[in-house]
2 protein chains.
Amino acid sequence: MSMDRRKVRTKALLRKALIEVMEEKGPERITVRDLTDKADINRGTFYLHYTDLPAMLQQVKTEMWDGLKQRMEKLNPYDYLSFATRNEPDPMMVKVFEYYAEHADFFRVILGPKGDPAFPVLIKEFLKKHHITKILNIQPELAETILPKDYMVEYFAASNLSIVLHWIETGMQESADTIALLITNILGISVERLYGIKNHNHGNKRKTHVRKT
Amino acid sequence: MSMDRRKVRTKALLRKALIEVMEEKGPERITVRDLTDKADINRGTFYLHYTDLPAMLQQVKTEMWDGLKQRMEKLNPYDYLSFATRNEPDPMMVKVFEYYAEHADFFRVILGPKGDPAFPVLIKEFLKKHHITKILNIQPELAETILPKDYMVEYFAASNLSIVLHWIETGMQESADTIALLITNILGISVERLYGIKNHNHGNKRKTHVRKT
DNA sequence: ATACATGTGTTGAATTCTCGACAGTTCTAT
DNA sequence: ATAGAACTGTCGAGAATTCAACACATGTAT
């Protein structure tokens with residue numbers, strides 16, 4: 001692969017410059033010169049790595065998205081719902097937030113006001129598709145509450161993403177563990193609460209809460 | 001000169017690595033590998049810039065010392081003693097402390113417990129030679145106090161250096177201006193005070209203090 | 001409408017850096 | 001006392017980066 005130190009160094013420099021420039025100017029208005037000046041790299045060198053500025057943007061974004069997706073795919077609703085009952089953070093979820101923290105600058109900008117509006121949508125869609133619906137399948141009773149299922153899915157996804165966003169915007173004061181525990185708990189509690197609503201409304205089949213092995 | 005970006009970049013990386021490693025281990029025990037590993041640079045590249053590790057140390061130190069000396073040479077006792085009476089920082093002295101601030105990491109380490117004991121001596125000797133004695137020449141009456149002249153010189157130099165050291169050790173909280181003003185004032189006050197001692201002992205030729213155009 | 005500045009891609013030759021290897025030295029532990 | 005590990009200084013071949021220069025496009029102010 002790209003074993004040569006120089007390649008990884010200049011790509012890192014370019015990426016760092018991209019984030020900085022994107023934070024200053026919009027995501028538009030960026031020029032190749034901006035990047036190479038900021039990175040203190042010859043302008044020609046840029047074209048040794050990327051064909052284009054839009055190409056670079058695209059490539060960087062998909063690389064980061066792949067990294068995030070890859071970690072989110074390892075999440076298992078069975079696991080973190082069970083960790084929630086023990087008030088412990090799901091280790092797999094910690095990995096996810098460590099990834100956010102590792103690339104804090106990128107995510108802060110890309111998810112911020114001058115970032116790419118499509119990016120948070122990507123995340124939310126993934127959450128909806130791979131997790132929330134899974135949870136509802138694990139707990140089919142939840143789907144029978146007063147909320148229509150699609151609203152429920154939307155609600156879970158949005159609330160979780162909003163926590164991540166706030167964490168990032170406030171400079172990531174808390175550790176990845178803390179946020180992981182927070183989300184784990186919120187998920188657990190929400191599930192419990194909604195289950196309670198269902199019980200309240202249809203009040204019959206009793207259960208000792210959400211606890212799942 | 002060294003126009004090529006790569007040269008300045010790797011030299012900067014090496015210098016940064018040197019400071020970091022010097023802070024961890026002593027000034028001894030450092031190895032070329034340490035530096036090139038920390039700087040993420042090929043070991044062979046080191047020898048493209050320096051013949052040796054001691055050579056690099058020497059070179060870096062003299063470069064920094066030259067920079068410092070160069071700025072200190074522009075100081076003029078006439079000026080800062082006059083600025084002192086107006087409670088303003090001498091602009092030339094501000095330049096000196098801005099230099100300290102610019103290379104804060106280097107000075108913190110080189111003047112610190114794991115640094116080079118010879119370095120502060122260098123500074124002090126310079127102060128003694130180029131400034132304190134000048135002051136005493138400007139104010140020859142000062143030389144006639146109870147303190148022998150050599151002790152006086154030593155006293156001034158040491159007290160000034162100690163302030164800089166403390167500034168550096170405490171993480172340079174104050175701005176360069178603040179420190180410049182502080183030193184300017186201390187110099188002015190000290191001169192006044194010692195002049196008072198002399199007056200007290202020999203009490204005759206009266207003057208409106210130290211003020212000098 | 002024209003000049004003028006700024007940005008884009010691309011090129012070729014020169015320079016610097018990387019990688020992997022080498023033999024020789026010094027330190028350390030057994 | 002000796003083997004093993006780590007460091008040193010050096011080398012050649014090849015890869016990456018630099019620099020200066022192109023021609024061309026896109027504004028932008030006069």
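I shall speak about a pair of helices and then about a pocket.

Please bear in mind throughout that this is a predicted model.

Let me begin in chain A, with helix α4, residues 53–73, and helix α6, residues 91–102. The axes of these helices come within 8 Å and cross at roughly 160°. Angles over 145 degrees count as roughly antiparallel, and α4(A) and α6(A) are therefore roughly antiparallel to each other. Their crossing is right-handed.

Which residues of α4(A) and α6(A) meet? On the side of α4(A) they are A:Glu63, A:Met64, A:Gly67, A:Leu68, A:Arg71 and A:Met72. On the side of α6(A) they are A:Lys95, A:Val96, A:Tyr99 and A:Tyr100.

I turn now to the largest pocket, which holds about 610 Å³ of space. Its lining consists of 23 residues. Nearest the centre of the pocket lie A:Arg6, A:Arg9 and A:Thr10, together with B:Arg6 and B:Arg9.

Which elements give two or more residues to this lining? They are α1 (5–24) and α3 (43–49) of chain A, and α1 (5–24) and α3 (43–49) of chain B. The element that gives the most is α1(A), with six residues.

Thank you for your attention.

How values were computed. Residues are numbered from 1 along each chain as its sequence is written. Chains are lettered from A and ligands numbered from 1 in the order in which they are written. This is a predicted model: local features need pLDDT of at least 70, side-chain atom pairs count only at pLDDT 80 or more; totals for chains, interfaces and linings use all residues. Side-chain values use heavy atoms; hydrogens and water are left out. Axes are lines fitted to C-alpha atoms, for helices over the stretch in contact, and angles run from 0 to 180 degrees between N-to-C directions. Helices (H or I, at least four residues) and strands (E, at least two) are DSSP runs, numbered from the N terminus. Angles under 35 degrees count as roughly parallel, over 145 as roughly antiparallel, 65 to 115 as roughly perpendicular and the rest as oblique. A crossing is left-handed if the near helix is turned anticlockwise from the far one by less than a right angle, and right-handed if clockwise. Contact means heavy atoms within 4.5 Å. On a 1 Å grid over the protein atoms alone, a cavity is a set of points where a 1.4 Å probe fits but cannot get out, and a pocket is an open set with protein on both sides within 12 Å along at least five of seven lines; lining residues have an atom within 4 Å of a point. Grid points are joined across faces, edges and corners, and a volume is the space filled by probe spheres set on the points.
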